[in-house]
Each structure stands twice: as C-alpha cells, then as structure tokens.
Amino acid sequence: MRWCYLPAPPSWGTYVLPLLLLLDVYSLSALLLLCYFLYRALATSKVKLFAFFFSGFAVLAAGEVARMVVLLVAILSGAAGLRVLFLTHVAGVVAQISETVAFLFIAAGYTLEIGERARAAVLPLLQHRRDWADVFWATSLLNTVLLAYIVINAVNVYISSRKRVAALPAIAFSLMLLSNVLLMLSLLWADELCFIASKVLYFLGLITLLVLAVEVSRA
Amino acid sequence: MSARRSKLRIIADILRVVESEGEANISKILLEANLSYARLTKYLGELESKGFLERIADEREVKFRVTRKGQEFLREFRRIEQLAEAFGIEL
C-alpha cells in the first residue's frame, strides 16, 4: 500500500482530531437540514432538479459521516503515529471521493437548469488511478474544476435574481472552492496553517448552507 | 420567470389571493390569479376537494376561505420557493 506517498496529515497532537470531529458534526447538521428541505421540496413539487441538489448534498453528508466514523475510531482507539496517519488518510480519501460525486450531482443540477448537457467527460480520469495518493490528487483537481463550474453557475443565478437567498449558495460554493485550492496548496507545500485555513473555509461554506437552511425554515 | 406557470405555482397564487383577502369571491380570484373562468373553476373544485379551500355560500355570492391545510401548503410552498430561488430552479 502506498499511503506513505500521500501528503502528510496535520501533526499537531491529539487535540486536532476531536476539533476536526466537532467541525464535522456541525457540518453534518447543516447538510442534513438542507437535505431535509430539499427532499420535502422534491416530494411536494416533483421538480426533478431538486433531486440533483438533494443527491449532491446527501452524498456530501454521507462523506461527512464516513469521515466522522474514521475520526471517531482514531480517537477512541487511542491510535497514535502511523495508525493515525493511515486513518486520517482513509478519512481524507473517502471524504474527497464523496465530495467529487456530490459536486457532480450539483454541477449536473446547475447544468440541466441552464439547459446544457452535463460535462462528465472528466470521470475517466479516475478509472486509471490505482493508488490512494493518485485518487486523492485526481479528486482534488476534479473537485476544483467542478466547484469552479458550480460557483460560476451559482453566481449567475444570483446576478439574474439579485436575491439574498440566491447569494448564499454562491458564497458557500466559493468558500468551498477556496478551501479546495488551499487544501491542495497545503499538501503541496506541507503547510499546516494552510491546511487549517482550508478546513475553516470549508466549514464556513457549510455554515453558509446552514444559514440558507434556516432562512428556508423561516419562510 | 417562465412564460407558463406550473400547476404548483397556480395553486399557490390562488391560495395567496384568497389568504390575503381573508375571504374572496370568484371575480376577485379571477382578476388576481390571472386565469380563465373555466380553468379557475376547475382549480377551485380541486382545491376544495383536497381541503385547501372551503366554500362559504350565502344568498348573494359564493366566497372561498383558506383552510388550515391550505395555510400549511402555502408555508411549504414558500420554503420551496426560497430553495428554488437559491439554486435558480424555475417552479
């Protein structure tokens, strides 16, 4: 197994894992709330586009759960050193792949909304990757491309409506895009501060989605 | 905004007109909901049978009032509308 070729995870002692777990709990609650409203919207309106956004956020939530389980195992087992390294890599790769699938759903939703064909031609990239390090980098790059595409569409939606509620997904996806870019840079430069900033930005993106879910629940 | 309204939006428009008036007669709904008489009566019948609207009839005219179920539907529609606006989905 070539996990040792993966970029090094953060090495700031045991408090980091519980902190990441806490962020994941908040992120998961934001995603689940949004999924709940999207599912209700789909069930009531029968508008198929809601299914794409629901599926995207549901897969993101599933990725968060997978990451939480792995982090929890790492914390509870008191694993140290190489085992933590291994487990955090597993968590990272699982979450990364789920994000790719999720962003594909969301990008497809925006694509169908504007009446163009889905651009899934990048998928074969993954089929030739065998080891986890390659999968991690491939999904990171793919996520960045997908997020850039999603951000452009979300900003277009906001520009055409100029409504506050439409600004929230645009902000959330922009923060996720920035987070993804910072994540890649942090792994490239082995910069821990950059890694933390990336996690915080991703968390802020999900909090923005939580604000959206709260606004919807208040409507 | 699309040229054609979905059935969901038409139902919400009718319920909104009636809710804003408290009680509304057919002429008022016809004017505000922008529908033909034939389509409106068809929708009113459907909304009544689903329990979203209740008919209040006296000697002079027929009026409609939004039921609790209708109010709940309107609340749900507002949520759907917010999500649709957020993600640029046409309803």
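Where is the place of Gln96(A)? Gln96(A) lies in helix H3 (residues 82–113) of chain A, and the legends below start from there. The model is a predicted one, in which local features need pLDDT of at least 70, side-chain atom pairs count only at pLDDT 80 or more, and totals for chains, interfaces and linings use all residues. Residues are numbered from 1 along each chain as its sequence is written, while chains are lettered from A and ligands numbered from 1 in the order in which they are written.

**View 1. Gln96(A) in helix H3 of chain A.**
Gln96(A) is buried because 22 other C-beta atoms lie within 10 Å. A residue is called buried if 20 or more other C-beta atoms lie within 10 Å of its own, exposed if 12 or fewer, and partly exposed in between, with C-beta atoms placed from the backbone. Leaving aside residues up to four places away in sequence, Gln96(A) touches Phe136(A), Thr139(A) and Ser140(A). Touching, or contact, means C-beta atoms, placed from the backbone, within 7 Å. Gly63(A) is 33 residues from Gln96(A) along the chain, and their C-alpha atoms are separated by 7.8 Å.

**View 2. The helices of chain A.**
Chain A has 7 helices and 0 strands. Helices (H or I, at least four residues) and strands (E, at least two) are DSSP runs, numbered from the N terminus. Of the 219 residues of chain A, 45% count as buried. Among contacts between residues at least 6 apart in sequence in this chain, 72% join residues at least 24 apart.

**View 3. The nonpolar cores.**
A nonpolar core is a set of buried Ala, Val, Leu, Ile, Met, Phe, Trp, Tyr and Cys residues joined through C-beta atoms within 7 Å. The largest one has 77 residues, of which Leu34(A), Leu38(A), Phe57(A) and Ile150(A) touch the most other members. Helix H6 (residues 164–189) of chain A supplies the largest share of this core, 12 residues. Apart from this core lies another, of 6 residues, among them Leu17(A), Leu20(A), Leu71(A) and Ala74(A). Leu34(A) touches Phe57(A), Leu209(A), Leu212(A) and Ala213(A), not counting residues up to four places away in sequence. In soluble globular proteins, nonpolar side chains tend to be buried together.

**View 4. Strand pairing in chain B.**
Strand S2 (residues 53–57) and strand S3 (residues 62–66) of chain B pair in the antiparallel sense over 5 bridges; pairing requires that DSSP find at least two bridges between the strands. A hairpin of 4 residues joins S2(B) to S3(B), and Ala57(B) has Val62(B) as its bridge partner in S3(B). Strand S1 (residues 23–25) of chain B also pairs with S3(B) in the antiparallel sense, over 3 bridges. Here Asn25(B) has Lys63(B) as its bridge partner.

Just after H4(B), Gly88(B) takes a positive phi of about 70°. Ile89(B) is in the segment after H4 of chain B and counts as buried because it has 23 C-beta neighbours inside 10 Å. Gly51(B) is 38 residues from Ile89(B) in sequence and 28 Å away in space, C-alpha to C-alpha.

**View 5. The contact between chain A and chain B.**
The contact takes 23 residues from chain A and 13 residues from chain B. On the chain B side, H4(B) gives the most, with 9 residues. The residues on that side divide into 7 nonpolar, 2 polar and 4 charged; Ala, Val, Leu, Ile, Met, Phe, Trp, Tyr, Cys and Pro count as nonpolar, Asp, Glu, Lys and Arg as charged, and the others, Gly among them, as polar. The predictor gives the complex an ipTM of 0.80 and a pTM of 0.77.

Chain B has a mean pLDDT of 89, and 96% of its residues reach 70 or more. Among the elements of chain A, helix H4 (residues 124–127) has the lowest mean pLDDT (42) and H6(A) the highest (90). pLDDT stays under 50 over residues 1–8 of chain A, and is below 50 over residues 116–130 of chain A. Where pLDDT is low, the predicted coordinates should not be read in detail.

Conventions: Contact = placed C-beta atoms within 7 Å. pLDDT = per-residue confidence, 0-100.
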